[in-house]
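Here is a brief report on a protein structure. Sequence and coordinates come next.

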Protein chains: 2
Amino acid sequence: MSKQRVKANVENGKAHRRGAGVGHVYETLRNEIIELKLAPGSPIDEVQLSERFSLSRTPIREALVRLASDGLIETLPNRATIVSHIDFLGLPQFFDALSLMYRVTTRLAAANHDPADLERIWSLQKEFATAVNARDVLTMIAANRNFHVEIAKAGRNRYYTELFTQLLDEGRRILRLYYSSFNDELPVQYVTEHEDMIAAISDRDVALADQLAGRHAEQIVRQIQAFVIADPKTNFSMAI
Amino acid sequence: MSKQRVKANVENGKAHRRGAGVGHVYETLRNEIIELKLAPGSPIDEVQLSERFSLSRTPIREALVRLASDGLIETLPNRATIVSHIDFLGLPQFFDALSLMYRVTTRLAAANHDPADLERIWSLQKEFATAVNARDVLTMIAANRNFHVEIAKAGRNRYYTELFTQLLDEGRRILRLYYSSFNDELPVQYVTEHEDMIAAISDRDVALADQLAGRHAEQIVRQIQAFVIADPKTNFSMAI
DNA sequence: TGTATTTTTTTTGTCGACATAAATTTTCGC
DNA sequence: GCGAAAATTTATGTCGACAAAAAAAATACA
């Protein structure tokens with residue numbers, strides 16, 4: 001009897017093309033980590049994932065290596081791999097870098113954008129406003145991230161865009177914690193702040209764009225800092 | 001007859017521990033790419049590498065995925081993987097980000113360093129000066145990179161340190177091109193500029209550190225730009 | 001009963017093999 | 001002889017299995 005080969009490679013009955021599985025696993029896990037569906041510190045089991053995605057361990061491992069490169073998971077040699085902890089001790093550094101990137105990217109967007117950029121930015125701003133009105137926290141956070149990434153892209157500097165994206169994604173985990181305790185009132189003032197920033201970009205007013213972005217960053221940082229200080233329980237439960 | 005297993009896992013007759021091979025392959029290839037021993041655009045053959053390092057393709061692939069995450073290689077789906085091209089078109093953006101990181105990290109070092117940091121920085125500065133005197137280009141470039149990374153570490157902000165390290169490593173390929181045409185006279189003025197920067201850091205003079213780092217960056221950028229413009233042949237041969 | 005040592009279990013790291021996609025060569029029709 | 005289709009080659013993507021390392025469980029001994 002000749003050997004036969006059963007080609008599985010499916011999830012939810014949907015067949016994948018060769019090579020597409022890795023990216024899918026990567027994106028899926030990435031989202032689940034960023035949206036805190038996978039808690040920081042929780043273990044990641046390769047066999048379990050390979051069953052879930054109907055793939056062998058090899059492509060799963062490739063996705064995990066990528067996530068580790070992004071700093072989203074930590075690999076303890078020969079033993080467990082876990083979802084990265086949120087680094088509360090490094091929060092001041094994080095805020096410093098985040099603020100600088102807010103300013104630099106918005107500044108560059110004012111200098112380098114074109115009309116098509118503005119359209120995309122407006123579109124994402126509308127998504128953001130809608131989510132705020134609908135009190136939909138997860139969508140709001142994701143839209144906020146996409147809004148600022150789009151501004152960064154309009155600035156046309158891939159180095160800043162990459163660092164900023166990474167910071168915003170790390171920040172989504174923190175924002176998720178923050179807003180989960182304030183589920184009812186979402187930050188309506190951010191909507192108008194965003195609109196002021198768009199206006200400054202559109203006017204190519206570099207100095208104003210810089211200033212507004214700086215204030216916007218300060219605002220966010222201050223709110224999160226107040227939250228972390230006011231709720232040491234969170235600090236205790238999330239950091240090892 | 002029972003199956004027997006021959007444990008190879010060696011390179012240059014030196015046995016590796018389980019799990020150590022991947023890191024070794026990663027570091028080795030990383031260095032060869034950064035020092036231009038592997039030319040931009042040159043193909044990377046998994047089978048060839050697995051023979052060279054006496055490993056199977058699986059750990060080789062893991063190292064390649066990491067290099068791809070760093071942007072040092074590009075993976076064309078289902079076909080070749082090649083050493084990343086140097087992005088000459090993106091050089092202005094690169095210089096902008098590099099300059100900002102020079103300033104921010106040196107500034108933070110002036111604010112946050114401790115005596116042990118200064119010792120390490122001085123030690124690397126001495127290595128740099130020695131290499132300049134010895135007209136040893138590769139060592140000079142590597143020491144310069146380590147010098148600035150150490151300053152960044154003294155600044156105590158891992159986000160800046162990571163981006164800066166990445167930029168400096170990308171920059172090593174460009175510097176390598178630049179100095180290979182000026183093999184005889186190495187930049188002695190950088191030695192004194194470095195020493196001025198150390199003095200400003202040591203004095204905790206944040207404003208001066210920022211200023212000196214900015215000028216240092218301008219100096220480097222101006223020299224490389226002049227080189228790229230003056231030698232379009234390089235431009236042609238390296239960019240796709 | 002408590003502790004040290006051995007055994008078992010679990011999970012990761014690595015391997016060799018096969019399947020598949022793209023490039024290359026060969027064959028075929030005109 | 002020339003272009004298109006078919007066959008071959010080459011290198012990648014994926015798989016199932018084995019081996020080693022660490023943790024957990026079981027046993028031995030006081």
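## Chain A overall

The model is predicted. Chain A contains five strands and ten helices. Its length is 240 residues, and 50% of them are buried.

Among chain A contacts with a separation of 6 or more, 75% link residues 24 or more positions apart. The accessible surface of chain A is about 12,500 Å². Carbon and sulfur atoms supply 52% of that area.

## Helix α6 of chain A

Helix α6(A) covers residues 137-155, 19 residues in total. From first C-alpha to last, α6(A) reaches 27 Å. That is close to the 27 Å expected at 1.5 Å a residue.

How many residues of α6(A) are buried? The count is 15 of 19, so the helix is mostly covered, buried meaning under 20% relative accessible area. An α-helix has 3.6 residues a turn, so residues three or four places apart point the same way.

What happens to phi just after α6(A)? Arg156(A) follows the helix with a positive phi of about 65 degrees.

## Ala39 of chain B

Where does Ala39(B) lie? Ala39(B) sits in a chain B loop, between α1 (20-34) and β3 (43-44).

Ala39(B) has 39% relative accessibility. The partly exposed class runs between the buried limit of 20% and the exposed limit of 50%, so Ala39(B) counts as partly exposed.

Val83(B) is 44 residues from Ala39(B) along the chain. Their C-alpha atoms are separated by 6.9 Å.

Technical notes:
Residues are numbered from 1 along each chain as its sequence is written. Chains are lettered from A and ligands numbered from 1 in the order in which they are written. This is a predicted model: local features need pLDDT of at least 70, side-chain atom pairs count only at pLDDT 80 or more; totals for chains, interfaces and linings use all residues. Side-chain values use heavy atoms; hydrogens and water are left out. Helices (H or I, at least four residues) and strands (E, at least two) are DSSP runs, numbered from the N terminus. Buried means under 20% relative accessible area, exposed over 50%, partly exposed in between (1.4 Å probe, protein chains only). Contact means heavy atoms within 4.5 Å. Accessible areas come from the Shrake-Rupley method with a 1.4 Å probe; for residues, only the protein chains shown count as cover. The expected span of a helix is 1.5 Å times one less than its number of residues.
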